[in-house]
Amino acid sequence: MESLIQELKTKIIAGFNLEGVTPADINPDEPIFGTGLELDSIDALELVAILESDYGIVITERAVADKAFASLSALAEFVAANRT
Amino acid sequence: MSRRAPVITGTGIICAAGCGVAAVWESIRANRSSLGPLTLFSSPRYASHLVGQVHEDVDKLAGNIRGSRSDKLSWIAAQEALAAAGLEAGFGKINPERVGVILGATVGGMLGTEKFLAALLRENKHRFGALRFHECAGAADLCAKQIGALGPVATLSTACSAGAMAILAAAELIEQGEADLMLAGAGDSLSRLTLNGFGSLLLLDPNGCRPFDARRTGISLGEGAAILVIEAEETAVARGAKILARLAGWGASCDAFHATAPQADGRGALAAMQRALERGQLQPSEIDFVSAHGTATPDNDAMETRALKKLFGGAVPPVSSVKRFFGHTLAASGAIKAVLAVQSLREQAVPGTPGFEVADEKLGLEPVKEFRAQPVAHILSNSFGFGGNNVALVFGRADFKSEISNLKSEIHSPVPVRKGFSILGIGAVSAAGNSPAEIATAFSGGVATSAFAVPAISPTAQAKVYAAGEFGAEQFIEPAKLRKLSRLQQLALVAARKSFSPELAKTVAPEKICVAIGTGLGSLNDTAAFVENLILKDERAPRPSLFTSSVHNSLASQIAIELNFSGLNSTPIQRDISFETALWQGATELASGRAELALVGAADELNQYHLAAGMRWGWWHESSPEIRPFAGALKNRERPLPGEGGAVVTLGRAENVASPLAFISAIRIGRSENQNAEAEARWILETLARDGIAVSELDLLLTGANGLAQPDDFYRAIVKSLSKLAGKKIACGAYKHACGEHHSASAFGFLTAVGLLRGEIAPEFCTMDKTALPGACRKVVLFTFSPTGTKGMCCVRA
């Protein structure tokens, strides 16, 4: 799970072009969106697209995304359980 | 005193529920949804979704006309509306110069563009013909041509409120006295872009939308068009037309909050509704029914309910959403709702809300479930678009005149519409530079062209262009925001920031600042990237950020979001007069006093597919000559080299300004059937005269001359005619040699005019004969004539 968290951190930093942010700056237990990373709801939807293209996970409802993005740890668990 | 109140004398509609008002009303009466499977094109991702597709033979119904599916839908609805208004045989005694067309659009010819990209990316085939009807302006141009309208013709693209915005603009034109009769409405076809776009935002409900229902999860997309004939009451009465309903009030606002999500507390929606009521001199208690935007997204319905409760307190009138009948038809939505509101007023009955079953306790609002008879004198109809572009319209029963309203309308004096406004700031991004000083230098030293890669033609193909280059976006936009904006959005935002002094915002309330930024083609690169991704990945993982920046009105709304301006917000999309249309919208808000400040401008960007088509058609190549207006240097099929850029000007009401850069008046848009120089000279003279400017005061006519014989000779002849009328030599000028040929070039022309008046740009770099003016440059008319006949002008003076 720890390596998946690291992998997701890297994807978020690269996917959102977060210059100057290192994986260590992201707290795995904080909400991914609406915090210090300055990521907003469109970024959350971009992450939905990343999950689909990289892990084959198709999310069609916002409620599912909201739950999965509660924190990076929650996201890692969601990815581990649903990846294809 | 003449009564210029706008009334509705004809309506037409086509959507999934049928073709014609009668057919659609029948489905409403039966409370029957017409959503069904998508067969218009194949969509691997959304094959099982319910959509509101039009199943009639659109090509056949549109008759012998060429255009995109959106254009044809619009024309079908227009024909019905004209027939209903008794105008199928022409306009009779109505002067065609008093007839105009304003339509909303968001999709335009995307279906064709998608076919072009699919053929290119999947089969490496060049089907450039499929791009021919891409532009959103196609429907308005087509309708204007078909009916011979010679008044104002324009297209507005404010996403899902565009149809309502077009009706609002038509009402303004009629009230101002610019037109006696307008066709107004909108048409949009289904497309892969919008289906996948809304899908990528998780805003689709695959099983059909459920407005205001506790289990609602999103919209159902639909397609269609609706057009209304809107006339000045006095002229409608004079020709004996039957008045179907009144357009009693209209109001617009901007949330200035988010690209796609509404402001949760509904303050933007509330402001639009309040403005519509104020405009109609109506109390909330006089509204008998609300036709909600009611898209069935969790956010919209919650926001709209909050706004309604704030407006009406504990007495919210009956509310319906018609979205489940035929889907969310995007730009057409507000126009379709307008036609249905007219029908409700005539039939004294209101639609139900199919799809609604379980009340949402959190909302505390239950919409009308089924069609029912109900007395209705006034209907409020809401339309909310991406970017927080809100429009509310109030429709009134034809024979309804409350005593209070009558009394008020007598003391309500008409607004003096055409006053001069002050130019408080200008900002630009262009091939010639990004500051007045840079641009002045470029005019004297010539502007460098550059090479633009066009891999769609071949890996090594390059087009010679006037590119805007680097424009220092990072100096004006925070990094976190910058990365989310398309290049075109950045370009417009930088121009806006340069034109607007933050000092101005200290004395003017945000709701008193309006933004109108035109574009001919919108964010082409992000739109292409979104669709390329769909095609190459079979609709897997569509990219939401590319979709949001493909939305045309993100140009104006992101400026409002960034600078917190909540007045009217609009994105005209009318080929070469997109800037002039924006200017007209901004001036209208200033003249009425609804706005104290207006940011108006236009922006367009270069795109490889757009360039590829021109290269393929032999319009230009690597050794094409630079633009030399009036030189007649282009041969055969050659066209002037393409460019890109944007310019924004901040305008203020004339009376409250200390030291403006210059003044502007005589703002007007119109259309011509053919190129008659003498007629254009008279149009310019007349436009100047009504603002108290004598044509003999004019020093220079600044034109869109581009080195092609066709427009250049025409512009030259217009100046000759004007000089004759003025009894003195008026100079003829041009600016495209500094910015390249693009739809927003006249915004750059405006900046050139200001530079000329202020002595920053020497006239000899712009004049046809390359000579200075005999005296100081005091008054310049910027005149633009687009290839489809739409035209615009303004007079800039020192």
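**Reading chain B**

Guide: Let us begin with contacts, where two residues count as in contact if their C-beta atoms, placed from the backbone, lie within 7 Å. In chain B, residues 24 or more positions apart account for 80% of the contacts with a separation of 6 or more. This is a predicted model, in which local features need pLDDT of at least 70 and side-chain atom pairs count only at pLDDT 80 or more, while totals for chains, interfaces and linings use all residues. Residues are numbered from 1 along each chain as its sequence is written, and chains are lettered from A and ligands numbered from 1 in the order in which they are written.

Visitor: How many helices and strands does chain B have?

Guide: Helices (H or I, at least four residues) and strands (E, at least two) are DSSP runs, numbered from the N terminus. Chain B has 26 helices and 27 strands. Its radius of gyration, 25 Å, is close to the 28 Å that the globule rule gives for 798 residues, so chain B is as compact as a globular protein of that length. The radius is taken over C-alpha atoms, and the rule is 2.2 Å times the number of residues to the power 0.38.

Visitor: Which domains does the assignment give for chain B?

Guide: Domain bounds come from an automatic or database domain assignment. Here it gives domain 1 (10-411) and domain 2 (421-797). Their centres, taken over C-alpha atoms, are separated by 30 Å, and 56 residues of domain 1 are in contact with 50 residues of domain 2.

Visitor: Is strand β26 of chain B mostly covered or mostly open?

Guide: A residue is buried if 20 or more other C-beta atoms lie within 10 Å of its own, exposed if 12 or fewer, and partly exposed in between, with C-beta atoms placed from the backbone. Strand β26(B), residues 779-785, is mostly covered, with seven of its seven residues buried. Lys779(B), Val781(B), Phe783(B) and Phe785(B) point one way from the strand, and Val780(B), Leu782(B) and Thr784(B) the other way.

Visitor: Which strands are joined to β26(B) by bridges?

Guide: Two strands pair if DSSP finds at least two bridges between them. Four bridges join β24(B), residues 700-703, to β26(B) in parallel, and Thr703(B) stands opposite Phe783(B). Seven bridges join β26(B) to β27(B), residues 790-797, and these run antiparallel. Val781(B) stands opposite Cys795(B) in β27(B). β26(B) and β27(B) form a hairpin with four residues between them, and Gly789(B) in the turn has a positive phi of about 100°.
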